Amino acid sequence: DYYLHRTFERVDNFAGCIFMEYQNHSDFSDKNTIIYGHNMKNGSMFAQLHKFEDPDFFRGNREVLIYLPDEVLHYTIFAAHIYDDRHLLYSFDFADSEVYEKYLQSVFDTRDMSANIDKEMTVINEDQIITLVTCIGSQPNNRLLVQAVLTEREPGTEADTAE
């Protein structure tokens, strides 16, 4: 809750900032790393995630890059769907491979017509994913999840760490 209304510099701000779930490791080593951001009316923060609700945009924009101090993480988006407002890490023990596998299967089994799920991709319990989460203005009890699987970890370059 702290960063919902504060910048990364810990200054009060109604827009807050993009932040990782505090229970996740900062090196993105968890099975499912959760990253939150507000859906701002001015298009900032994670408002742009709603573009993934459009099937054409979803098909044409699948890569997520995460820049860490010493490496670059490459992810491929496999799902964009509406989910309820349950806290994912309190609701699922992703360290339990059976729970994680069932969770992944539930994503691929999503039957919501508004969901974009690449059912040709395979994501298994040995994979690591990120889940980008933002609110849906007209649905206060739901969230939009954009999920991507780690496909490559590459050493960072000096130019990457300067960004």
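**Loop, strands, pocket and rings**

Mentor: Ser26 lies in the loop between β1 and β2. Strands are DSSP runs of E with at least two residues, helices are runs of H or I with at least four, and both are numbered from the N terminus. The model is predicted: local features need pLDDT of at least 70, side-chain atom pairs need 80 or more, and totals for chains, interfaces and linings use all residues. Residue numbers start at 1 along each chain as its sequence is written, and side-chain values use heavy atoms, without hydrogens or water.

Trainee: How confident is the predictor, and where is confidence lowest and highest?

Mentor: pLDDT is its confidence in each residue, from 0 to 100. The protein averages 87, and 87% of the residues score at least 70. Helix α4 (residues 158-162) is lowest, at a mean of 52, and helix α1 (residues 55-60) is highest, at 97. Where pLDDT is low, the predicted coordinates should not be read in detail.

Trainee: Why is Ser26 called exposed?

Mentor: Exposed means over 50% relative accessible area, buried means under 20%, and partly exposed is in between (1.4 Å probe, protein chains only). Ser26 has 60%, so it is exposed.

Trainee: Phe28 sits in that loop too. Why does Phe28 get its accessibility label?

Mentor: Phe28 has 6% relative accessibility, so it counts as buried.

Trainee: Next, β2. Why is β2 (32-36) said to be largely enclosed?

Mentor: Count the buried residues. In β2 they number 5 of 5, so the rest of the structure largely encloses this strand. Asn32, Ile34 and Tyr36 point one way, Thr33 and Ile35 the other, and all are buried. In a regular strand the side chains alternate between the two faces of the sheet.

Trainee: How do you know which strands pair with β2?

Mentor: Two strands pair if DSSP finds at least two bridges between them. β1 and β2 have 2 and run antiparallel. Met20 is bridged to Ile35 in β2. β2 and strand β6 (residues 129-136) have 5 and run parallel, with Ile34 opposite Thr131.

Trainee: What makes β3 and β4 a hairpin?

Mentor: Strand β3 (residues 63-67) pairs with β4 in the antiparallel sense over 5 bridges. The two have 3 residues between them. Tyr67 has Val72 as its bridge partner in β4.

Trainee: What lines the second largest pocket?

Mentor: A pocket is an open set of points on a 1 Å grid over the protein atoms alone where a 1.4 Å probe fits, with protein on both sides within 12 Å along at least five of seven lines; lining residues have an atom within 4 Å of a point. Here the lining is Ile18, Phe19, Met20, Ser26, Phe28, Ile35, Ile66, Tyr67 and Leu68. β1 (19-20) and β3 are the elements that give two or more residues to it. By class the lining has 8 nonpolar, 1 polar and no charged residues; Ala, Val, Leu, Ile, Met, Phe, Trp, Tyr, Cys and Pro are nonpolar, Asp, Glu, Lys and Arg charged, and the others, Gly among them, polar.

Trainee: How far apart are Ser26 and Leu68?

Mentor: They are 42 residues apart in sequence and 9.0 Å apart in space, C-alpha to C-alpha.

Trainee: Last, the rings. How many aromatic pairs are there?

Mentor: Rings of Phe, Tyr and Trp (its six-membered ring) pair if their centres lie within 6.5 Å; planes under 30 degrees apart are stacked, over 60 edge-to-face, and the rest tilted. That gives 7 aromatic pairs. In one of them, Phe52 and Phe57 have ring centres 4.9 Å apart and planes at 75°, so this pair is edge-to-face.
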